[in-house]
There are 2 protein chains.
Amino acid sequence: MRPQHYLDIFMSPASVAVIGASRKTGKGSFNVIENMKDFGFKGKIYPVNPLTDEILGIKAHKDVKDIREPIDVAIIATPREQVPRVTQDCASLGIKGAIVVPQGFADADGEGKALQDELTRIARDTGIRVLGPNTLGIVNAFSGFTSSFMPLAREKVPVGVICQSGIFFVGSSQFTGIMGKGIDIANGCDLDFADALDYFGDDDDIEVIFMHIEGMKQGKEFFDTAKRVARKKPVIALKSARSRRGAVAASTHSGALVGKHEVFEAAFRQSGIISALDPQEVSDFTKALLNLNPMRGNRVGLVTFSGAGGIILIDTLQEYGLEVADLSPPVIKKIKDLSPAWMPIQNPLDIWPALMKHGMEYVYELALSEILKDTAVDAAICIAIAPQLPEYAHLNATEIIKKTAASFPEKPVVAWLYGPNQISISNMIEQGGHVISLPTLPRAARTLAMLRDRGVFLSSTA
Amino acid sequence: MRPQHYLDIFMSPASVAVIGASRKTGKGSFNVIENMKDFGFKGKIYPVNPLTDEILGIKAHKDVKDIREPIDVAIIATPREQVPRVTQDCASLGIKGAIVVPQGFADADGEGKALQDELTRIARDTGIRVLGPNTLGIVNAFSGFTSSFMPLAREKVPVGVICQSGIFFVGSSQFTGIMGKGIDIANGCDLDFADALDYFGDDDDIEVIFMHIEGMKQGKEFFDTAKRVARKKPVIALKSARSRRGAVAASTHSGALVGKHEVFEAAFRQSGIISALDPQEVSDFTKALLNLNPMRGNRVGLVTFSGAGGIILIDTLQEYGLEVADLSPPVIKKIKDLSPAWMPIQNPLDIWPALMKHGMEYVYELALSEILKDTAVDAAICIAIAPQLPEYAHLNATEIIKKTAASFPEKPVVAWLYGPNQISISNMIEQGGHVISLPTLPRAARTLAMLRDRGVFLSSTA
């Protein structure tokens with residue numbers, strides 16, 4: 001069992017006050033209470049709005065002080081100038097956590113900056129913990145709680161997201177692919193990356209952590225936490241605001257002090273954080289880390305239908321610092337025996353002539369299992385056809401790749417499928433969880449290089 | 001009208017002999033004649049096979065010399081050692097073109113190399129033109145002719161493919177996305193890249209040319225041709241065998257002398273060829289060149305729903321050498337007037353608060369049209385939501401982006417859509433042909449950088 005954590009109350013509150021709750025409901029209303037109910041929240045909800053008596057059939061209060069019931073978390077959605085006073089009231093009532101939704105703080109002008117400093121002071125002085133401002137707050141598909149005013153799908157998947165923008169909640173399919181829990185740090189006036197990372201580090205529901213970072217204040221505390229957590233589970237970071245102009249824009253987005261990108265990169269490396277450069281890498285890495293083991297070395301074996309595809313792949317592997325494995329002579333011989341006498345056999349194993357003669361199933365399984373058995377190989381990439389036309393059905397290597405990879409789960413297997421049916425065949429090959437399919441060879445190589453780095457980190461002494 | 005070209009007879013033959021035609025037919029048989037018929041070839045077909053009297057209901061001949069009818073092109077699929085003699089026979093019969101399908105020539109051993117040299121000599125001495133060996137040959141969706149033993153879909157689209165591997169025919173959806181005509185140079189014993197490029201350069205059916213190059217012999221002739229053709233229409237090249245190990249593998253794939261990659265890159269630049277590093281870039285570039293104009297400068301205007309997305313995009317643009325445009329003050333003012341007073345407005349235009357107040361349609365159209373009108377802007381990137389849940393339907397900017405981009409066709413517009421419905425909404429936004437959607441911001445930036453380079457090339461003096 002995981003120990004109690006001060007973020008538990010944010011992630012799974014039993015009772016929530018929504019201060020500044022909107023009376024507008026229905027499509028496009030961005031009503032937080034409606035979202036919470038749609039998402040499946042089963043706790044108590046207390047709307048606070050001085051202009052109405054009820055919202056969505058729930059009695060509304062004029063003021064949070066009128067509720068007179070225990071409240072775990074307050075979601076504050078008032079105009080910005082009221083936020084410090086309301087937060088102070090919440091603290092006085094013994095409310096443990098506040099999620100401050102509105103924009104217009106350190107992300108905006110001098111007045112906003114002063115309001116945010118005031119919030120930080122209230123948190124320090126009273127002990128109430130504050131998430132935000134400028135945040136969608138929390139999403140927790142496991143407990144059924146969300147504070148997001150954007151409607152979200154609920155999927156109990158083992159990926160935890162820590163971010164500084166709601167785009168990572170709304171567009172999670174473009175980033176991690178899936179998201180089971182999320183904490184939007186946003187302007188980070190009190191709760192910061194170290195808190196959230198520490199929380200997900202001990203959370204058994206979470207296998208992979210993704211962080212979007214524009215900038216942060218508590219650098220040392222964060223990297224100390226990261227060092228500890230990264231040994232337990234993979235932590236992916238997308239550091240944005242890397243360019244000078246991006247840094248200026250970030251100061252008006254989350255009010256972040258961004259720091260030099262090189263400093264972050266070095267600290268990521270030292271603490272074992274996996275650095276991703278764009279949303280697509282985040283999604284590829286998440287898929288790989290959920291399904292494949294780290295590489296124990298740098299050497300890749302390749303099976304291909306296409307000589308040209310193999311050559312493009314060799315270039316790509318070398319560009320990403322991976323080695324084309326020198327296959328053991330007995331492996332080479334087995335394929336050579338099936339190929340025309342004139343054909344030079346090497347890695348990548350070009351099995352086209354062999355399979356034209358001896359059949360796809362026999363040759364592909366032999367080639368892939370020999371490669372995965374070979375002690376000279378740490379991972380495999382399979383190039384194969386994703387057939388659509390029925391004439392190609394006998395060239396569909398999906399089932400063989402799945403089955404063979406499942407017999408050697410310790411070595412990562414990545415497939416690159418070409419042909420008009422790439423997406424649906426990729427989904428098929430990923431079922432069972434021992435192979436991932438990536439739509440381009442550079443992405444396959446980049447992702448294996450990440451698994452190699454993860455292996456190096458895990459085998460290093462702390 | 002385009003002038004007659006010696007490749008016309010390969011692309012649209014009236015009569016074809018298939019020498020070494022297979023008796024196996026049906027699924028998985030890779031029967032060339034069956035493929036030709038399925039593809040819609042209306043010309044005469046003469047199977048040649050000494051062991052049968054008919055193939056697919058067509059009378060078969062023992063030898064090409066027995067046909068005694070005019071033949072435009074011979075597809076040669078005999079064992080390799082018979083190929084020179086058969087080609088010599090074809091030449092003696094006045095056949096203008098031979099497509100030599102089998103492997104086992106310069107891609108294989110010393111004997112294969114000698115056989116290929118013999119083929120080159122026959123072509124020189126007799127005037128017969130030879131495509132291959134080791135080739136799928138020709139695909140022409142316009143005339144309905146293909147020599148491919150792999151079944152292919154027929155789509156009359158204005159993309160011409162020149163390659164050294166059948167993977168570019170079979171997997172065309174992963175490379176160019178679509179392919180209307182293809183010439184597989186393969187080992188290139190006679191017909192080479194310069195021939196095929198010259199042909200597509202004058203072909204009014206073709207708007208974009210893609211070349212996959214492992215290596216080539218006639219460098220000077222090729223680059224002279226490229227310089228001429230690239231001014232008329234865009235030419236994309238994917239040069240593989242870039243790494244040392246890739247070059248070694250290429251010598252056993254197409255028998256190519258690959259040359260130094262840096263030399264190719266410099267020559268590509270000088271001759272206006274667009275260099276792509278991987279299949280996905282080929283597909284992105286093809287889509288962009290078919291639908292968008294080149295950029296006339298380097299400055300990009302950005303419209304975004306998400307501050308964080310805008311910051312990631314700024315980083316990315318700078319990494320690809322593009323400028324974040326300094327928008328003109330009147331443009332800034334129009335959006336500032338719609339936004340909260342505390343909100344700093346700049347490029348990227350973060351329109352979220354404005355559209356929450358004034359509605360998506362009004363604000364997105366205003367922002368995008370002001371950016372596209374601005375003389376300080378050469379292209380636009382739109383970040384928007386690809387909604388799936390009905391609650392987001394009013395945030396679907398697809399129609400507005402399409403309509404606004406169509407009013408300013410001279411400036412390229414690229415969309416990055418996030419959310420679970422990315423693929424289907426991307427397809428919608430691309431209808432009409434004035435916007436392309438790319439699934440990642442680096443791909444959007446890389447593709448605009450290509451359109452910028454194309455603009456620079458076209459405005460340079462030859």
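The C-alpha centres of domain 2 of chain A and domain 3 of chain A lie 31 Å apart. Welcome to this predicted model, in which local features need pLDDT of at least 70 and side-chain atom pairs count only at pLDDT 80 or more, while totals for chains, interfaces and linings use all residues. Residues are numbered from 1 along each chain as its sequence is written, and chains are lettered from A and ligands numbered from 1 in the order in which they are written.

Let us start with the domains. Their bounds come from an automatic or database domain assignment, which gives chain A domain 1 (1–131), domain 2 (155–291) and domain 3 (293–459). Where domains 2 and 3 of chain A touch, 9 residues of domain 2 are in contact with 10 residues of domain 3; contact here requires C-beta atoms, placed from the backbone, to lie within 7 Å. On the domain 2 side, helix 10 (residues 279–291) of chain A provides the largest share, 6 residues. Helices are DSSP runs (H or I, at least four residues), numbered from the N terminus.

Next come the two chains together. On chain A, 60 residues are in contact with 60 residues of chain B. Helix 11 (307–319) of chain A is among the helices that each supply at least two residues to this side, and helix 11 of chain A gives the most, with 10 residues.

The table sorts two of these contact sides by residue class. Ala, Val, Leu, Ile, Met, Phe, Trp, Tyr, Cys and Pro count as nonpolar, Asp, Glu, Lys and Arg as charged, and the others, Gly among them, as polar.

| Side | Residues by class |
|---|---|
| Domain 2 of chain A, touching domain 3 of chain A | 4 nonpolar, 2 polar and 3 charged residues |
| Chain A, touching chain B | 25 nonpolar, 26 polar and 9 charged residues |

How do the copies relate?

Methods. Two residues are in contact if their C-beta atoms, placed from the backbone, lie within 7 Å.
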